[in-house]
Amino acid sequence: MAQTTRIAVTPGDGIGPEVVGEAIRCLETLRTKHNLNLEWDQFPWPSHAWHKEHGESMPDDALAQLKAYDAILLGALGDPGPLDDPDRYLLTDSVSLAPLLEMRKGFDQWVCERPARLLPGARQYLADERAKDIDMLVIRENSEGEYVSQGGRLRKGTEDEVATQMEVFTRKATNRIIRYGFEQARARAAERVKESRTRSFHTLDGTACESQVCLITKRNALRYWGDMYSEAFEEISKEYPDVATHHELVDAACMKFVQSPWAFDVVVASNLQGDILTDLAAVLSGGMGVAPSCNLNPTDPGMPSMFEPTHGSAPDIAGQGLADPTAMLFTTARMLEWFGRKDPVMAAAGKELFDAVAADLAENAGAQRGTREIGEAVCQRLSA
């Protein structure tokens, strides 16, 4: 019998508990249907409510507790409270979102991976008909770079205050994220061949390839890490002659994401620049309400990866049953596919969940439905 796969469920704040509840219903349906060896435990932290009661977003041994699991399924973090309540318990973004960085760094979740594919039924924000062909994977270096939290504030609150924020880049992390990008480009090309939807990208000499990796930097202004990224990219690309290569400065990339997003395949970027580009790609592929996100550690099976939707806690609609769980369900499907590296039954269940959510999205395009109604519709498809 396959070893039990364990999930730490952390619903978090705002609409997090609502959308996570529908993800759990789908997991229960799939577990029963396929006899999945799958278990989960739910934690009240990290969350705004936990901080209000305990003075911290999560307990001191939180990472030690979470390390016992194969994955973390996170709902959302952040709760500004009712804006019309002057006495609300308010945390700064840096405090409420700190657990995300702690988990990413503590478990060395060095890949943030966000697929951006415009599925039938998703809102098309770009008028150009070619936007229907958006199908990219944005890979963000998730362990260092601009988010290492190195720096400080001197003479805080005075006219002479000085704030420093350091960026730290290592060749090791650079190499592994770029190589991961090339490996994903190959894998995506192979999958497209199976599905008879091949694409064509050209190298500088005119050679046609079925996949592409585009490196994003700001090497004209941030030259030290930009040059290191560029040199590593050129060196590693020699190992993948079947993959076309491209480079864009981050400002030009933002422009081209809007002008011609269908021209991108796999995109590799630094932590901050990838953070911005992944949200832009999510909107181009239908919006935050349908976009999944994964924080992965592909190299250490002893560390849990974390799966979260991109939409945030949406406190303006929290508790009203209005939140769309689609992004959470797509994220849960990717979690099951991640488990599929060791258990093909899990991979099949993940594909089944993805297909059910995609079919529901296509059938109900633009319809106003509640959280529970969408979750029930997906479960019915899974049970059919």
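**View 1. A buried salt bridge between Glu308 and Arg104.** Glu308 and Arg104 are both buried, where buried means under 20% relative accessible area, exposed over 50% and partly exposed in between, computed with a 1.4 Å probe on protein chains only. The two residues form a salt bridge in which the closest N and O atoms are 3.1 Å apart, a salt bridge being a side-chain nitrogen of Lys or Arg within 4 Å of a carboxyl oxygen of Asp or Glu. Because Glu308 lies in the loop between strand S14 (305-307) and helix H10 (326-339), and Arg104 in helix H5 (residues 98-106), the pair ties together parts that are 204 residues apart in sequence. Helices (H or I, at least four residues) and strands (E, at least two) are DSSP runs, numbered from the N terminus. The model is predicted, with local features needing pLDDT of at least 70 and side-chain atom pairs counting only at pLDDT 80 or more, whereas totals for chains, interfaces and linings use all residues. Residues are numbered from 1 along each chain as its sequence is written, and side-chain values use heavy atoms, with hydrogens and water left out.

**View 2. The salt bridge between Asp275 and Arg140.** The side chains of Asp275 and Arg140 meet in a salt bridge with an N to O distance of 3.6 Å. Asp275 belongs to helix H9 and Arg140 to strand S5, so this pair ties together parts that are 135 residues apart in sequence. Arg140 is buried, its relative accessible area being 1%.

**View 3. Asp265, Arg199 and their salt-bridge network.** Asp265 forms a salt bridge with Arg199, with 3.9 Å between the closest N and O atoms. This pair links distant parts of the chain, 66 residues apart, with Asp265 in the loop between H8 and S12 and Arg199 in the loop between helix H6 (171-194) and strand S8 (201-202). Salt bridges that share partners join Asp135, Arg188, Arg192, Glu195, Arg197, Arg199 and Asp265 into one network. Both Asp265 and Arg199 are buried, and a search of the whole structure finds 26 salt bridges.

**View 4. The buried side of helix H8.** Within helix H8 (residues 250-259), the residues Val250, Ala253 and Phe257 are buried. They cover an arc of only 45° around the axis, taken from the directions from the helix axis to the C-beta atoms, which puts them on the same side of H8. The buried residues of H8 pack against strands S5 (135-141), S10 (212-217), S11 (244-249) and S12 (266-269) and against helix H9 (271-284), contact meaning heavy atoms within 4.5 Å.
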